[in-house]
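Please open the structure in your viewer and display both the backbone and the side chains.

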Amino acid sequence: MGRPREHDEQTRAALRAAAERLVAEGGPAALSVRAVADAAGTSTRAVYSLFGSKEGLLVEALAQEAFVVLFTEIGRLVETDDPVADLVDVGAVAFRRLVLEHPALYRIAFQRVVPELDGGPELVATRQKAWDQLVAKVTRLEEAGLLGGKPVTEAAVEFIAMLEGLGNAELRGAVLRLLPEGSEERAWRNGLTTLIRGFAAASPPNPRPGAASRKRGR
């Protein structure tokens, strides 16, 4: 009979949750191996055993968890026959939930509050899964003729930029409030709908000089 593991997935989850709370309350500077271990009611040995280091805890646990949450929330959305409304929900429901319910994870993964940290292969793979979900939603716009000739990847990048802007605006708080109080979700929906409708209104890229005359000469 094999020796039972001293530190299991339950311990990992407890350490990750403790680290998220510490960052939410005191920023990245509040995070240390000892502080995380104490907050989770375990030993520093557990942190090193499961995550390797403070940096491993931040990148491979917290940043990765941000994309796990996002991937899960997008997966819960019910797909309809309206690709515009479905893409708006990706932002106003799934992404906004990450921002509001897990602001520490959002800041680590999207605001790069620990810019010197680079993600390992697990983080990259998890981030890619969430990105693929978004690309699939934007591809539905293209299939419906609603991208105005804009490449799917370019539209997805612009959409993400809008999400981050809205997320940052909502996290500014009451002192620097940018979104109207009580109407934050409506602001998200209005902004995202305007962006998406703008894709369809955009003109396709101009042809290369001389292309039209060569075509007429055929």
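## A pair on one helix

Begin by selecting Arg 97 and Glu 101, which are four residues apart in helix α5 and therefore separated by about one helical turn. Helices here are DSSP runs of H or I with at least four residues, strands are runs of E with at least two, and both are numbered from the N terminus. An α-helix has 3.6 residues a turn, so residues three or four places apart point the same way.

This is a predicted model, in which local features need pLDDT of at least 70 and side-chain atom pairs count only at pLDDT 80 or more, while totals for chains, interfaces and linings use all residues. Residues are numbered from 1 along each chain as its sequence is written, and side-chain values use heavy atoms, with hydrogens and water left out.

The side chains of Arg 97 and Glu 101 meet in a salt bridge, at 3.9 Å from N to O. A salt bridge is a side-chain nitrogen of Lys or Arg within 4 Å of a carboxyl oxygen of Asp or Glu. By this rule, the count is 14 salt bridges.

## Across to another helix

Glu 73 is buried at 8%, Arg 97 is partly exposed at 34%, and Glu 101 is exposed at 52%.

## The loop between α7 and α8

Select Gly 145, in the loop between α7 (121-143) and α8 (152-170). Gly 145 is exposed, with a relative accessible area of 59%. Ala 200 is 55 residues away from Gly 145 in sequence, yet their C-alpha atoms are 7.4 Å apart in space.

Lys 150 has its place in the loop between α7 and α8 as well; Lys 150 is buried, at 16% relative accessible area. Which residue forms a salt bridge with Lys 150? The partner is Glu 158, with the closest N and O atoms 3.2 Å apart. Glu 158 itself is partly exposed, at 29% relative accessibility. Apart from residues up to four places away in sequence, Lys 150 touches Ala 155, Glu 158 and Phe 199, where contact means heavy atoms within 4.5 Å.

## The nonpolar core

Next, select Phe 159 and Trp 188, the residues with the most contacts inside the largest nonpolar core, which has 58 residues. Such a core is a set of buried Ala, Val, Leu, Ile, Met, Phe, Trp, Tyr and Cys residues joined through side-chain atoms within 4.5 Å. Beyond its neighbours within four places in sequence, Trp 188 is in contact with residues including Gly 91, Phe 95, Val 99, Leu 163 and Leu 179.

## Helix α1

Finally, select residues 9-26, which form helix α1. Among its buried residues are Thr 11, Leu 15, Glu 20 and Val 23. Arg 21 also lies in helix α1, and is partly exposed at 41% relative accessibility. After α1 comes Gly 27, whose phi is positive, near 75 degrees.

Note on methods: Buried < 20%, exposed > 50% of the residue type's maximum accessible area, 1.4 Å probe, protein only. Expected span 1.5 Å × (residues − 1).
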